[in-house]
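The points are grouped by topic.

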Amino acid sequence: MSRTVYVNGEYLPEEDAKISIFDRGFLMADAVYEVTSVLDGKLIDFDGHAVRLKRSLDELDMAEPCSKDELLAIHRKLVEENGIVEGLIYLQVTRGSDGDRDFVFPSEDTPPSIVLFTQNKPGLADNPAAKKGAKIISIDDIRWGRRDIKTVQLLYPSMGKMMAKKAGADDAWLVEDGYVTEGTSNNAYFVKDGVIVTRPLSTDILHGITRKAVLRMAAEAQLKIEERLFTIEEAQGADEAFTTSASAFVMPVVEIDGVALGTGKPGPIATRLREIYLDESRKAAI
């Protein structure tokens, strides 16, 4: 049975969904996206994703395709239509199409395109990978300079994940000017002597919705946090490390460039933060 997807105001079977070949998301990667997790049939951190979506659109002078309330209604209908208990909702907004290819933006009255689809992920919260921990490699960060805008320009992050796979690892952390920026699709952290260290917000990294929530919960748990630059070598000497993202929540890291961290198993702080995040997020889900 095919999924029901949403395309520019219509709910359609996925095989009937169509976007113009002249759409700028397809031709120019002129598009932004968000991914919202679903647990127990409810949306996790929806407000945060909606706010970041608007920020991304504003930064690119792209029109909003609908209101926040309309967006929430679309998400909820797709969850219901597709029977999603645990999974993800992918949302993409493009600058649309005026019927041809051009580097110049189309006229301001060109409507944006919006598409959403679900991904059914049973066991998303109880991911076995979180009990095992992730192995990380480091690679050069050669992405464009506005990583704070959540665009669909994901070729290099995809290449990074493939580099990790070929190296027998799970993911990659990106390094620029000697310092870790973030993971291919997540924010990066290490823990040393009970202190959580992560890079501060700037245009160099994505302003993670899960990052914000986890740091708030860590502060409420009276854990010390330092937002500063750090190197791969510093992270290799840590007691433990982890990443955060909307789809993997808090993921422990047990190895960086072949160096095992701590005991070589998921650390207590990462494990506890994952438990707290899942518990609190389920309570606040809508």
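**Helix H5**

In H5, the buried residues are Tyr156, Pro157, Gly160 and Ala164. They span an arc of only 100 degrees around the axis, which places them on the same side of H5. The model is a predicted one, and the points below should be read with that in mind.

- Leu155, Lys165 and Lys166 are exposed, on the other side of H5.
- Helix H5 covers residues 155-166; at 1.5 Å a residue its 12 residues should span 16 Å, and the end C-alpha atoms are 17 Å apart, which agrees.
- An α-helix has 3.6 residues a turn, so residues three or four places apart point the same way.

**Helix H3**

- The buried residues of H3 are Leu71, Leu72, Ile74, His75, Leu78, Val79 and Asn82.
- These residues take up an arc of only 160 degrees around the axis, so they sit on the same side of H3.
- Asp69 and Glu80 are exposed and lie on the face of H3 turned away from its buried side.
- After H3 comes Gly83, with a positive phi near 60 degrees.

**Aromatic pairs**

- Across the whole structure, a search finds 7 aromatic pairs.
- One of them joins Tyr33 and Tyr90: the ring centres are 5.6 Å apart and the planes are at 20 degrees, so the pair is stacked, the cut-off for stacking being under 30 degrees.
- Tyr33 belongs to strand E3 (residues 31-39) and Tyr90 to strand E5 (residues 87-94), so this pair ties together parts that are 57 residues apart in sequence.
- Tyr33 counts as buried because its relative accessibility is 12%, where buried means under 20%.
- Tyr90 is buried as well, with a relative accessible area of 16%.
- Another pair is formed by Phe190 and Phe230, with ring centres 5.1 Å apart and planes at 75 degrees; the pair is therefore edge-to-face, a class that requires over 60 degrees.
- Phe190 is in strand E10 (residues 187-192) and Phe230 in the loop between strand E12 (224-227) and helix H7 (232-236), so the pair links distant parts of the chain, 40 residues apart.
- Phe190 counts as buried at 2% relative accessibility, and Phe230 counts as buried at 0%.
- Tyr33, Tyr90 and Phe117 make up one aromatic cluster.

**Nonpolar surface patch**

- A nonpolar patch on the surface is formed by Ile21, Phe22 and Phe26, which together have about 330 Å² of accessible area.
- Ile21 is located in the loop between strand E2 (10-13) and helix H1 (24-28).
- Ile21 has a relative accessible area of 56%, so it is exposed, the cut-off being over 50%.

- Glu176 is part of strand E8 (residues 171-176).
- With a relative accessible area of 22%, Glu176 is partly exposed.
- Between Glu176 and Thr231 there are 55 residues of separation in sequence, and their C-alpha atoms are 9.6 Å apart in space.

Methods:
Residues are numbered from 1 along each chain as its sequence is written. This is a predicted model: local features need pLDDT of at least 70, side-chain atom pairs count only at pLDDT 80 or more; totals for chains, interfaces and linings use all residues. Side-chain values use heavy atoms; hydrogens and water are left out. Buried means under 20% relative accessible area, exposed over 50%, partly exposed in between (1.4 Å probe, protein chains only). Helices (H or I, at least four residues) and strands (E, at least two) are DSSP runs, numbered from the N terminus. The arc is that of the directions from the helix axis to the C-beta atoms. Patches are made of residues with over 30% relative accessible area and no salt bridge: like charges are joined within 9 Å, nonpolar side chains (Val, Leu, Ile, Met, Phe, Trp, Tyr) within 5 Å. Accessible areas come from the Shrake-Rupley method with a 1.4 Å probe; for residues, only the protein chains shown count as cover. A salt bridge is a side-chain nitrogen of Lys or Arg within 4 Å of a carboxyl oxygen of Asp or Glu. Rings of Phe, Tyr and Trp (its six-membered ring) pair if their centres lie within 6.5 Å; planes under 30 degrees apart count as stacked, over 60 as edge-to-face and the rest as tilted. The expected span of a helix is 1.5 Å times one less than its number of residues.
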